[in-house]
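My entries follow in the order I made them.

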Amino acid sequence: MSELIMIILAIVAGAALSMQAAVNGQLGEKVGVLKSAFLTFSVGAAITAVLILFLQTPQQATLLTVPKWQLAGALFGVPYIIIMVTAVPRVGTAVATVAVILGQLAMGMLIDNFGWLDNPQIPLSWHRLAAIPCLIIALALIYRSNRKTE
């Protein structure tokens with residue numbers, strides 16, 4: 001049951017990312033891409049700081065004691081936000097979101113298959129590989145439907 005709850009929460013998080021992309025795309029058009037990204041990270045950092053202060057349980061490791069390569073994850077949010085703020089007004093929220101999911105799925109499969117970044121190894125299967133063309137088709141269909149409405 002806990003796996004199902006995690007999947008549902010991941011779907012909710014995905015919906016929230018699409019909302020964020022749509023809002024940030026509009027904001028970026030008005031105030032600039034970098035200011036929109038800065039606002040996202042500033043507000044996110046402030047909210048996270050409050051959550052850490054009031055909700056975080058003590059951990060054995062700290063940000064100063066973990067392997068330094070694990071801190072690099074913080075850098076990956078910046079290009080994502082900047083690209084989405086730039087892309088959404090041009091291609092739409094749905095196209096940008098499906099493109100992101102396609103990239104996430106492909107990289108996720110590579111990480112799983114090879115056990116990169118200290119993750120458990122989950123081998124590729126035809127079930128997993130079949131998802132890639134499905135997403136490519138979804139991306140093409142959604143993109144084509146955008147082109148017809150212009």
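**Salt bridges.** I started with Arg 90 and Glu 29, whose side chains meet in a salt bridge at 3.9 Å, N to O. My criterion was a side-chain nitrogen of Lys or Arg within 4 Å of a carboxyl oxygen of Asp or Glu. Arg 90 sits in helix α3 (residues 77-91) and Glu 29 in helix α1 (residues 2-31), so this bridge ties together parts that are 61 residues apart in sequence. I took helices (H or I, at least four residues) and strands (E, at least two) as DSSP runs, numbered from the N terminus. Arg 90 and Glu 29 are both exposed. For exposure I used relative accessible area: buried is under 20%, exposed is over 50%, and partly exposed is in between, with a 1.4 Å probe and protein chains only.

I then looked up how many salt bridges the structure holds, and the count is two. The other entry I noted joins the side chains of Arg 128 and Asp 112 at 3.1 Å, N to O. This pair links distant parts of the chain, with Arg 128 in helix α5 and Asp 112 in helix α4, 16 residues apart. Arg 128 is partly exposed, at a relative accessible area of 23%.

**Ground rules.** The model is predicted, so I noted that local features need pLDDT of at least 70, that side-chain atom pairs count only at pLDDT 80 or more, and that totals for chains, interfaces and linings use all residues. Residues are numbered from 1 along each chain as its sequence is written, and side-chain values use heavy atoms, with hydrogens and water left out.

**Overall build.** I counted five helices and zero strands. From the N terminus on, the order is α-α-α-α-α. The C-alpha atoms fill a box of roughly 55 × 45 × 30 Å along the principal axes. Buried residues make up 17% of the 150 residues.

**Database check.** Which residues does UniProt list as "transmembrane region"? Its unreviewed entry gives 37-57, 69-88, 94-114 and 126-143. UniProt positions are in the numbering used here, feature names are shortened, and annotations may be inferred rather than shown by experiment. I compared two of these ranges with the model. Residues 69-88 are 60% helix and 0% strand, with the end C-alpha atoms 31 Å apart. Residues 126-143 are 100% helix and 0% strand, with the end C-alpha atoms 26 Å apart.

**Leu 141.** I found Leu 141 in helix α5 (residues 126-148). Leu 141 is exposed, with a relative accessible area of 55%. Its C-alpha atom is separated by 9.3 Å from that of Val 95, 46 residues apart along the chain.

**Aromatic pair.** I searched the whole structure and got one aromatic pair. The rings belong to Phe 114 and Trp 116; their centres are 5.2 Å apart and their planes are at 15°, so the pair is stacked. Rings of Phe, Tyr and Trp (its six-membered ring) pair if their centres lie within 6.5 Å; planes under 30 degrees apart count as stacked, over 60 as edge-to-face and the rest as tilted. Phe 114 is partly exposed at 45%. Trp 116 is partly exposed at 39%.

**Loop between α4 and α5.** Leu 117 is found in this loop. Its phi is near 60°, a positive value in a residue other than glycine. Leu 117 is exposed, at 52%. Asp 118 is in the loop between α4 and α5 as well. Asp 118 also has a positive phi, about 60°, although it is not a glycine. Asp 118 is exposed, at 66%.

**Pockets.** Which residues line the largest pocket? I listed Leu 17, Phe 76, Tyr 80, Val 100, Gly 103 and Gln 104. A pocket here is an open set of points on a 1 Å grid over the protein atoms alone, where a 1.4 Å probe fits, with protein on both sides within 12 Å along at least five of seven lines; lining residues have an atom within 4 Å of a point. About 240 Å³ of space lies in the largest pocket. Grid points are joined across faces, edges and corners, and a volume is the space filled by probe spheres set on the points. Helix α4 (residues 93-114) gives the largest share of this lining, three residues. The lining divides into four nonpolar, two polar and no charged residues. Ala, Val, Leu, Ile, Met, Phe, Trp, Tyr, Cys and Pro count as nonpolar, Asp, Glu, Lys and Arg as charged, and the others, Gly among them, as polar.

The second largest pocket holds about 200 Å³ of space. Gly 103, Gln 104, Met 107 and Gly 108 line the second largest pocket. I sorted that lining into one nonpolar, three polar and no charged.
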